[in-house]
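Welcome, and please open the model in your viewer. We will walk through it one selection at a time.

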Amino acid sequence: MDAGIALSVIFGAFLALFSIFLVGYSLVRGNRPEPEAHPDSYDGRFLENDDPALGDIFDAIRTLELEYQLGRLPQEEFDAQFQTYRVEAATVLRDQLEAGRGDPAWLLEHDILLARGAQDPASVRLVPCPDCSASVPQNQANCPHCGAEMVPQP
Amino acid sequence: MADLGSISLWIALALAAYSTIASVAGKLRLSPALVESAQSAAYAAVLALLVSTLSLVIAFISHDFEIAYVAAHSDLAMPKQFTWVAFYAGNEGSLLYIGLVLSVMSAIAIWRSPERLKDALPYTTAVLMLTLTFFLAVTAVMANPFDKLSFVPIDGEGINPLLTHFGMFFHPPALMAGLIGITIPFAFAMGSMLAGKTGDEWVDAGRVWGIISWVLLASGLLLGSWWAYTILGWGGFWFWDPVENAAFMPWLALTAFIHSIMVQKRRGMFRMWNIVLINVAFGLALYGMFMNRGGSVPSVHSFGASSLGWVFLMFLAIGVLIPFAIFIWRYPLLKSARNLDSMLSREAAFLINNLLLLAIAFVTLWGTVYPLISRLTNDEEITVARPFYDQVNGPLMLALVFLMGVGPLIPWRKASLSSLRRSLLPPAVAGLATVAVLAALGLHKDYALIAFGLATFVTTGILMEWYRGTLSRHRGTGENYAAAFLHLIWANRPRYGGYIAHLAVVMVTLGIVGTSFFSTQKDVVLSPGERVTIEDYELVYLGSIETPKSNRTEFTSTVQVFRDGELLETLRTTRAFYPNFNMASTNAAIRSTPVEDLYIVPSENLPDGSVGFRILVNPLIWWMWVAGPVMLLGTGIALWPQRAPSPAQVPSLSRSAVRSRPTTA
């Protein structure tokens, strides 16, 4: 046999064996316990937020949407209530953060707010941007993240 | 190398086929180990195909003319850098390239698949690997690039001269990768449907992979246009050739999809529509590949007479009918979370944009298949030419540019008339002012006036958004204007990346309008020392030099360019004749500025030293080529991974609530 062909066959056989090992390894090892969801995965962290207060707000929004879809609620009323629930959810999330002041993310946010307004972040009322959902101080006319116009709060 | 390449190809085929079967079996038998094994097979297939590809590349470099494909697409005189081009210059190599790209993209898609798609992933893997199995089976059985000749020729036939151009390093691979890349969002959609996950779970992955395929197709189309402009020697860049159309149509469908998927992501709407769009895009991509490989419509791009046409036609039929059947099966579950609130909303603008894009795709499809239909019905082949496409698609494209300006400026859900007036008035005024000024300056071509007005309208809208956001950020955070602008873009990358891509479309519009309405052309024969005038340029032909090369004879002509008596530049343009191919290739001399291109190309070198030149002045075409990098920049920004929202941010509850607990209404 030609040396080149022999070398090709040996290398090819090695490749085939490696592939069989790779494919067979999972089968031999068997089923593993379910892995934890990666915090940076597409899921985000809020969908898995199991705070009962947040769950209640979600339920309320669900009911509100149902009412709206059934035509029992005018548009303006729906918008106003929906916005209120969003702000409530923001407050819950903020409370969660307050509870975990040691969290580096909280500290960072705290520093940013201090740098922005030189005031206690607890006194800054934040409202969600209607476009990108970022937290925006209530007195801002436009969202500093995306530039969208802020809806005036009641 | 031929044997190793062939063995690796067959190993990759076996792995892809195993992965397809094991994914489905693992899912049905509830065996995560089997599903994981199927995914490992998908990863191993990448390795096998890399070995196969490397074998072919090494065979080209080492001039292994025993391999028929190497002998047919290279020779000893071929510069080494064109090895990469020669690799996909023919049917066999390009199929191997498609297989490699699909396997790499599939492996990344499976590896980075979101956790919430876990239930659907086995089906997604099966769809991906089934497609890969098809391509590898066709490559291994019907178009194997490692087939050997019964003898070893001293030299090969050489690479097609038209492919020895810088653009060829990127144009075909980008287009092929874009076409096959549509399989990834399609597979996520189909996997989710098969698993009964008919909500919004697949949206993020579908959007990311949809944009990747979209930008690959866009880059491929632009680079192809640039290649045609500089080397084909007719001074244009788009011919409405069937295979150009075949890449253009899936791009249109993908453009509709990447906009529409945003509506589903933000508002939980258009669920059915997005499935339809990705099916259409996938079907059109398969149609494009069918056209390219033995399709029944003649084209300068197709891989010559090929027996693969019927195989691709069958795959096209399967790739359209089965997804349609799955769609019908899951139809009752595909209800959107909510309905359109108002026709004056961003969602509605997206919907109309989608319909326009599909209308353009349909018109293009009709023009492309019309020769076939006319042959079947009248026994006479009628080819549809450029005027048809220009007359029908032109107004549709202008309407699309208009919507591109309106869409980003109106809010989601419902716009009030006062907010619309506030957002749209300044860009509208700027657009109308542009029309008025140009008309006053003596421009009286309706379409061109409208197009320039719309280009100003869109650009003003985008600049206004940037200005408003930067100002707001500057006031809110105290950042200087430059930092505020950059942070604004960075804070909402999908939105502002999209705006940059829109600016690139405006640039393309300028290029198309400039060359379509204001181009000047002159065909002249000049003897050495003779002059010709075009627009305000005066050209002096100095003479030609004939240089014999190993595989061609090159004629380099020198032309001096004057304006107002002042020498601007000395340009050299070449025309080479390849006796092996009985073919000439040209390399145009182009003096390019943002205002206009002066384009000189020799059409014929006569024995007495005189040369036939085609000379064009193409206004604004420079913007078209600049649009490519701008589009890449915008897409890169839009795709740059965004971390999960920081804990202080508020989630969009409308999405969260609906996704986590769908309403029953």
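Begin with an open sheet in chain B, where four strands lie in the order 1-9-8-7 with antiparallel pairing. Strands here are DSSP runs of E with at least two residues, helices are runs of H or I with at least four, and both are numbered from the N terminus; two strands pair if DSSP finds at least two bridges between them. At the edges of this sheet are strand 1 (520–526) and strand 7 of chain B, each pairing on one side only. Neighbouring strands are turned by 15° against each other on average, direction ignored, with axes fitted as lines to C-alpha atoms and angles running from 0 to 180 degrees between N-to-C directions.

A word on the model: it is predicted, so to speak of local features pLDDT of at least 70 is needed, side-chain atom pairs count only at pLDDT 80 or more, and totals for chains, interfaces and linings use all residues. Residues are numbered from 1 along each chain as its sequence is written, chains are lettered from A and ligands numbered from 1 in the order in which they are written, and side-chain values use heavy atoms, leaving out hydrogens and water.

Next, select strand 1 and strand 9 (residues 611–619) of chain B, an antiparallel pair with seven bridges. Here B:Q521 stands opposite B:L616 in strand 9 of chain B.

Move on to strand 7 (residues 589–592) of chain B.

Now find the open sheet of five strands in chain B, with order 2-3-4-5-6 and antiparallel pairing. Strand 2 (531–534) and strand 6 (583–587) of chain B each have a single partner strand, so one side of each is left without a neighbour in the sheet.

Finish with helix 1 (residues 2–28) of chain B. Its 27 residues should span 39 Å at 1.5 Å a residue, and its end C-alpha atoms are 39 Å apart, which agrees; the expected span is 1.5 Å times one less than the number of residues. Just after helix 1 of chain B, B:L30 takes a positive phi of about 55°.
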